[in-house]
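Here is a short report on one protein model.

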Amino acid sequence: MNDPLELLENKNNRIPSFLSDKYNPVGCGLLGVGAATFINWALRRPLLSGVQKHIILGVGGVLLGSWLEEKRVAHFAEKDAVLRHYVQLHPDDFPVKPRVKFADVLESWTPIR
């Protein structure tokens, strides 16, 4: 059966990839280092001068990326909770449909002999 509530339940059976929680912090950290490099380029200085600026903006980018990742996870958890609650309140709008098998679908495709 295709139960809509079953699709929205968190069974913790999804294995997240290695980079799923590191993507935003690493990306924002690289963006911070890139911003420091761009500032040096715009001011016509050597690209890697002022290493403290690169470190500060890189660490700030990692912290910002971690915060954004937490906000993103909280947003989608709240969204799933709202959808689950709506489906629980309106079960007649989301009927449980029987599962359709390929044999039933392809039965009408048989060639005429």
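## The largest pocket

The lining of the largest pocket is made up of eight charged, six nonpolar and four polar residues. The model is a predicted one. In total, 18 residues line this pocket. Asn10, Arg14, Val73, Phe76 and Asp80 are the ones nearest its centre. The volume comes to about 660 Å³.

Which helix gives the largest share of the lining? Helix H3 does, with seven residues. H1 and H3 each contribute at least two residues to the lining.

## Helix H3

H3 runs over residues 51-89 and holds 39 residues. From its first C-alpha to its last, the helix reaches 57 Å. That is close to the 57 Å expected at 1.5 Å a residue.

The buried residues in H3 are His54, Gly58, Gly61, Gly65, Glu69 and Val87. What covers them includes two helices, H1 (4-8) and H2 (23-42).

## Two residues of H3

Glu69 is found in H3. Is Glu69 buried or exposed? Glu69 is buried, because its relative accessible area is 10% and the cut-off for buried is under 20%. Leaving aside residues up to four places away in sequence, Glu69 touches Ser20, Asp21 and Asn24.

Ala74 also has its place in H3. Its relative accessible area is 43%, so Ala74 is partly exposed. That value falls between the limits of 20% for buried and 50% for exposed. Ten residues along the chain separate Ala74 and Arg84. Their C-alpha atoms are 15 Å apart.

## Aromatic pairs

How many aromatic pairs does the model hold? The count comes to two. One of them joins Phe38 and Trp41. Their ring centres are 5.5 Å apart, with 35 degrees between the planes. This pair is tilted. Both residues lie in helix H2, three residues apart, which is about one turn of the helix. An α-helix has 3.6 residues a turn, so residues three or four places apart point the same way. Trp41 has 56% relative accessibility and therefore counts as exposed, since the cut-off for exposed is over 50%.

Tyr86 and Phe94 also pair. The ring centres of Tyr86 and Phe94 are 6.0 Å apart. Their planes stand at 85 degrees, so the pair is edge-to-face. The cut-off for that class is over 60 degrees. Tyr86 is partly exposed, because its relative accessible area is 40%. Phe94 has 30% relative accessibility, so Phe94 counts as partly exposed.

## The loop between H2 and H3

Where does Arg44 lie? Arg44 is in the loop between H2 and H3. Its phi is positive, at about 55 degrees, although Arg44 is not a glycine. Arg44 is exposed, because its relative accessible area is 80%.

Key:
Residues numbered from 1 in each chain as written. Predicted model: local features only at pLDDT ≥ 70, side-chain atom pairs only at ≥ 80, totals over all residues. Heavy atoms only, no water. Helix = DSSP H or I, 4+ residues; strand = E, 2+ residues; numbered from the N terminus. Expected span 1.5 Å × (residues − 1). Buried < 20%, exposed > 50% of the residue type's maximum accessible area, 1.4 Å probe, protein only. Contact = heavy atoms within 4.5 Å. 1 Å grid on protein atoms, 1.4 Å probe; cavity = no way out; pocket = protein on both sides within 12 Å on 5 of 7 lines; lining within 4 Å. Points joined across faces, edges and corners; volume = space filled by probe spheres on them. Nonpolar A, V, L, I, M, F, W, Y, C, P; charged D, E, K, R; others polar. Phe/Tyr/Trp six-rings, centres within 6.5 Å; stacked < 30°, edge-to-face > 60°.
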